[in-house]
Amino acid sequence: MTLSNHDAFVRAQDAIPGGVNSPVRAYGSVGGDPRFLASARGAYVTDVAGREYVDLVCSWGPALLGHAHPEVVAAVQEAATRGLSFGAPTVGEVELAEEIRRRVPLTERVRLVSTGTEATMTAIRLARGVTGRDLVVKFAGCYHGHGDALLADAGSGVATLALPGSAGVTAATAGETIVVPYGDLSSVEAAFAQHGPRIAALITEAAPANMGIVTPPDGFNAGLRRITREHGALLIFDEVLTGFRVGPSGWWGLETGSASGPDAAYDPDLFTFGKVVGGGMPVAALGGSAAVMDHLAPLGPVYQAGTLSGNPVAVAAGLATLRLADAGVYAHVDAAAARLSAAVGAALDDAGVPHVVQHAGNLFSVFFGEAAARHGVRTYADAKAQDAFRYTAFFHSMLDSGVNLPPSVFEAWFLSAAHDDAALERIEAALPRAARAAAS
Ligand code: PLP
């Protein structure tokens, strides 16, 4: 028996807070009933009512190859037949760590965890353990998961819900995080000039993608490297979203143009990965030099652990995904993103909707409003000042036409290797009506 999305949502709200297990899924900022998905294949998802949509969420990033790639599913099935979880080391974990290091050689050592949140939380603890300092610098609008220290002025769901941070984070914890505006090295210099000897780390999204897409200004990441090094703080490069999605070596590889560590234009101390690295299963990772990473237990005094860390079935999905993610996959996703983002821009232009489409490699998002169109969006303040209401109309028109967009204007649009001409044509056909809806 098919269920309507509405009935599913009503039932869900009785059993689960807000009916969802991650806030943005609730359609809070766009309104209406979230689509409860029953299955996903390639570029398409199908809801409980049996309706199919072209998907531009891609599980919020992991589905680089498209949903349920047959070789990934086969790897998962094969791994599952050998056991679901051992609580002991496996060779698959070693292979995944080696594959990450092959792509980002600065990650001499890699620790596997289950979520991006764990990866960034552990990176912060490790930075504090290594430096013996307390403070952390982050950027307004950057999202690094829901660890207490990193929720201040965060993007993603925190932005969607218009929260300054989260209740339940102690004042003491919040007081150990310094938030500065993105893209402005002088603000970073000022924070370090004031607090330098107490700062353990600066954490940044490699390219911000959780306040919409904000392309890092030229030389910005290299500038962060310079400043952190001058002050003896670690640079944590959060590639949970960008890693292995915008290119084989993530944003770092794209921007430095090199996957060979020592010659790279900048060299973060720690990287965090998630999403694509698990191919749709719960795997995330942090990596860095042996000198830093070997402070983790059992070698060092910084504790970190996990019953399901490096889970063999999840690792099989990640490994299969990375092995399939070759140059052809990235070329396809890049071309699809270029084509679609141009089509979105053209449709909005034709409908007279002021906007700007911003890119970070094959990730893009749309900001609405005159100011965004005129000056671009460079900070969280710019992103929040946009005409977000226009996205609501745009989103629902696309949904009515069978296109599943992220249900928040602050999220990136995700494409996959499975988005072929047929899928892109379906999206393109839906754009003019959605653009007119955004105009009114
Ligand atoms: N870091 C970044 C840049 C992210 O985009 C996210 C999630 O969207 C996270 C960390 C947290 O990852 P997870 O949701 O797996 O905990």
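Which residues is lysine 275 in contact with, leaving aside its neighbours within four places in sequence? In this predicted model, local features need pLDDT of at least 70 and side-chain atom pairs count only at pLDDT 80 or more, whereas totals for chains, interfaces and linings use all residues. Residues are numbered from 1 along each chain as its sequence is written. Apart from those sequence neighbours, the contacts of lysine 275 are Trp60, Gly61, Pro62, Gly116, Val240, Leu241 and Arg245, two residues being in contact if their C-beta atoms, placed from the backbone, lie within 7 Å.

Lysine 275 is located in the loop between strand S9 (270-273) and strand S10 (284-288). Helices (H or I, at least four residues) and strands (E, at least two) are DSSP runs, numbered from the N terminus. Lysine 275 counts as buried because it has 27 C-beta neighbours inside 10 Å; the term buried requires 20 or more other C-beta atoms within 10 Å of a residue's own, exposed 12 or fewer, and partly exposed a count in between, with C-beta atoms placed from the backbone. An unreviewed UniProt entry annotates Lys275 as "modified residue: N6-(pyridoxal phosphate)lysine"; such annotations, given in the numbering used here and with feature names shortened, may be inferred rather than shown by experiment.

The shell around the ligand contains 16 residues, of which Thr115, Gly116, Thr117, Gly145 and Val240 come nearest. A residue is near a molecule if its C-beta atom, placed from the backbone, lies within 6 Å of it. Helix H4 (residues 116-131) supplies the largest share of this shell, three residues. By type, the shell comprises five nonpolar, nine polar and two charged residues (nonpolar: Ala, Val, Leu, Ile, Met, Phe, Trp, Tyr, Cys and Pro; charged: Asp, Glu, Lys and Arg; polar: the others, Gly among them).

Histidine 67 occupies the loop between strand S3 (52-55) and helix H2 (70-81). With 22 other C-beta atoms within 10 Å, histidine 67 is buried. Its contacts, leaving aside neighbours within four places in sequence, are Ala40, Arg41, Gly42 and Val45. The C-alpha atom of histidine 67 is separated by 33 Å from that of aspartate 350, 283 residues apart along the chain.

The chain as a whole has 16 helices and 13 strands, and its C-alpha trace spans about 55 × 55 × 45 Å along the principal axes. Of the 440 residues, 52% are buried. Among contacts between residues at least 6 apart in sequence, 75% join residues at least 24 apart.
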